[in-house]
Each structure stands twice: as C-alpha cells, then as structure tokens.
Amino acid sequence: MSSDAADRAQRTLEEGISTDFTTAMSYGDYLDLGTLLSAQHPRSEPAQHDELLFIIQHQVAELWMKLLLHELHSARALLASDELAPALKRLARVKHVQKQLVEQWDVLATLTPSEYAQIRPFLATSSGFQSHQYRSVEFLLGNKNADMVRVFEHSPTEHAALEELLGQPTLYDEFLRYLARRGYGVPEAVLGRDVTQPYRVSEDLVDLFATVYADPSEHWGVYETCEELVDIEDLFQQWRFRHLQVVSRTIGMRQGTGGSSGVDFLRRALDLTFFPELYAVRARV
C-alpha cells in the first residue's frame with residue numbers, strides 16, 4: 001500500500017484534540033463509566049455466557065425508566081403551571097424513550113428456553129415485578145394500586161417514594177385540572193376524586209372530549225395533548241405485549257421467579273388503561 005493510501009486509511013489525530021486527562025475531565029469521568037461498567041455481577045456458577053445479556057438488558061431498561069420518570073414528572077409539573085407547549089415537548093421525548101424500551105425486547109428474545117434455564121436458578125426470587133421505577137411510571141400514568149407498595153417495604157427509600165406518588169395526582173389528573181382552568185366542563189367528581197385510587201371512566205368527560213374531537217382546529221392544543229397521551233398508552237401496551245411474548249417464548253406457562261403466575265399475570269395487565277375516555281371517545285367521532 002502506498003503512503004498516500006495508508007494516510008487515507010487512517011485518520012490522524014488532530015493537534016487540538018485533548019489527550020492528557022491527568023487533571024482534565026474525560027468522557028469516562030463525566031459518565032462515571034468506571035461505576036457503570038463495573039455494575040454487572042453475574043452470579044451463575046459455573047459462569048453462564050448468557051447471564052450478562054440478561055443483566056444488561058434489565059439495567060438498560062432501568063436507565064431508560066429513570067429518564068421516563070424525569071420527563072413525566074416535568075410534564076406533570078408543567079401542566080400544573082399551565083405550560084402546555086413545553087409539557088408536550090416532554091411527552092414527545094417520553095414516546096421516543098418508550099420506543100427504545102419496546103425494541104430492546106428483541107435482544108432478550110434471542111435468549112432461548114434452554115439458555116434461560118441455565119441462569120434462572122441464580123435469579124432466586126428477584127423479578128422485574130419488583131422494579132420500583134416501573135411501578136413509579138405506572139403510578140404517574142394512573143395505574144394506582146396501594147397493594148403494590150407493600151412489595152417495597154424492604155426498602156424504606158423506595159417505599160416512601162411510592163407512598164408519596166400514590167397520594168399525588170397523575171399526569172392525567174393534571175391534564176384534566178388544566179382543562180378545568182381553561183374553562184372546559186370537567187366534572188367536579190373527577191377533579192375531586194381520591195387520587196390514591198385507580199382512575200375510573202367518566203361518561204361526562206367522554207362527552208367533553210367528543211366536543212374536542214368534533215372540532216380539532218378549535219381545540220388544537222387540547223386535541224394534540226389527547227393524541228399524545230393515546231400514543232403513550234399505545235406504546236406502553238406494546239411494551240407490555242412484547243414482555244408477555246418474550247416471557248411466553250422463554251418459560252411458557254411456568255410460574256415467574258417472583259412468585260407470580262407468569263404469562264397469565266402479564267396478560268391481565270393488557271386490560272388496564274390509563275386514559276379510558278380518550279379511547280371511549282373514538283366511538284363518538
């Protein structure tokens with residue numbers, strides 16, 4: 001190879017690029033990669049090749065959920081202060097994060113039943129059901145269930161955080177309060193509901209949204225928010241369904257590691273809805 005060809009095949013280090021990080025901050029320092037990349041601790045004996053996949057898959061999911069919570073908390077606060085436009089920006093990002101969570105199931109689906117059987121004993125009683133961040137996302141979106149808080153009694157910090165979320169309005173609650181402040185006829189029973197309880201459909205609220213959907217241009221900001229919320233629920237259901245599929249193809253009808261019925265337990269979650277009126281109104285359009 002000629003010297004000119006070799007030069008073209010290799011990118012030379014530019015003079016201005018930093019190379020001395022004895023005192024300066026490096027990429028690894030900023031991201032704390034030493035901590036992050038050393039947080040995988042396979043427990044299988046003898047070591048099983050596929051356990052690292054299982055660990056990283058769930059750790060990455062927890063990182064995405066941390067961002068989901070960051071954005072959902074912000075969106076809820078912005079709605080509470082009547083800042084709809086930036087709240088919609090947050091919800092748009094939420095949807096992109098959700099897509100990452102849905103698509104990453106494809107990676108775990110490469111784990112065959114035989115491969116999973118080699119690492120399952122080392123999971124003991126641990127289960128994704130015990131993810132406090134996942135439960136926090138569900139509480140923020142509206143699937144309140146006080147019984148779920150008991151799962152976290154072993155961790156005072158997580159238990160307290162979920163107790164606090166249980167007593168706070170959901171994202172949808174704040175959207176409906178925003179509508180009421182804007183002059184929309186949100187029923188008083190909805191505005192004054194016990195936010196610790198799961199949300200229940202209001203036929204009067206379906207009527208309100210039917211008005212919005214009958215003339216989107218007149219109610220564009222509200223109409224757009226409704227559709228953003230439907231997108232979020234749609235993606236959440238896709239995540240649930242992909243979870244169900246991957247568990248089904250990996251362990252079949254066996255009991256889950258955390259003691260749940262496994263596939264049947266996950267299937268029942270598909271019947272849950274966060275924003276019932278936004279689906280009910282479609283029969284009126």
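Predicted model: local features only at pLDDT ≥ 70, side-chain atom pairs only at ≥ 80, totals over all residues.
Residues are numbered from 1 along each chain as its sequence is written, and side-chain values use heavy atoms, with hydrogens and water left out. The protein has 16 helices and zero strands; helices (H or I, at least four residues) and strands (E, at least two) are DSSP runs, numbered from the N terminus.

**Overall layout**
- Along the principal axes, the C-alpha atoms fill a box of roughly 75 × 50 × 35 Å.
- Of the 285 residues in the protein, 40% are buried; buried means under 20% relative accessible area, exposed over 50%, and partly exposed in between (1.4 Å probe, protein chains only).
- Among contacts (heavy atoms within 4.5 Å) with a separation of 6 or more, 70% join residues 24 or more positions apart.

**The nonpolar core**
- A nonpolar core is a set of buried Ala, Val, Leu, Ile, Met, Phe, Trp, Tyr and Cys residues joined through side-chain atoms within 4.5 Å.
- The largest one has 68 residues, and those with the most contacts inside it include Leu141, Phe175, Leu176 and Phe209.
- Helix α14 gives the most to this core, with eleven residues.
- Leaving out residues up to four places away in sequence, leucine 176 touches Val186, Val190, Leu191, Tyr199, Leu205 and Phe209.

- Helix α13 (residues 203-214) has twelve residues and reaches 16 Å from its first C-alpha to its last, close to the 16 Å expected at 1.5 Å a residue; the expected span is 1.5 Å times one less than the number of residues.
- The buried residues of α13, among them Leu205 and Phe209, pack against α11 (171-181), α12 (188-191), α14 and α16 (276-280).
- In α8, nine of ten residues are buried, including Gln133, Arg135 and Glu138.
- Those buried α8 residues pack against α4, α9 (146-149), α10 (156-166), α11 and α14.
- Glycine 142 follows α8 and has a positive phi, near 130°.

**Cavities**
- The structure holds two cavities of 30 Å³ or more; on a 1 Å grid over the protein atoms alone, a cavity is a set of points where a 1.4 Å probe fits but cannot get out, and lining residues have an atom within 4 Å of a point.
- The largest cavity has about 100 Å³ of space, where a volume is the space filled by probe spheres set on the points.
- α4 (51-80), α5 (84-103), α8 (132-141) and α14 each give two or more residues to the lining of the largest cavity.
- Residues lining the largest cavity include Gln98, Tyr134, Phe236 and Trp239.

**Two buried polar residues**
- Glutamate 71 is found in helix α4 and counts as buried because its relative accessibility is 3%.
- The side chain of glutamate 71 makes a polar contact with the side chain of arginine 93 (3.0 Å); a polar contact is a pair of N or O atoms within 3.5 Å, where, within protein, one must be able to donate a hydrogen and the other to accept it, and residues adjacent in sequence count only if both atoms are side-chain atoms.
- Not counting residues up to four places away in sequence, glutamate 71 touches Arg90, Arg93 and Val94.
- Threonine 250 is found in α14 (residues 220-251) and is buried, with a relative accessible area of 12%.
- The side chain of threonine 250 reaches the backbone oxygen of valine 246 at 2.6 Å.
- Leaving aside neighbours within four places in sequence, threonine 250 is in contact with Leu111, Pro113 and Tyr116.

Terms used. 1 Å grid on protein atoms, 1.4 Å probe; cavity = no way out; pocket = protein on both sides within 12 Å on 5 of 7 lines; lining within 4 Å.
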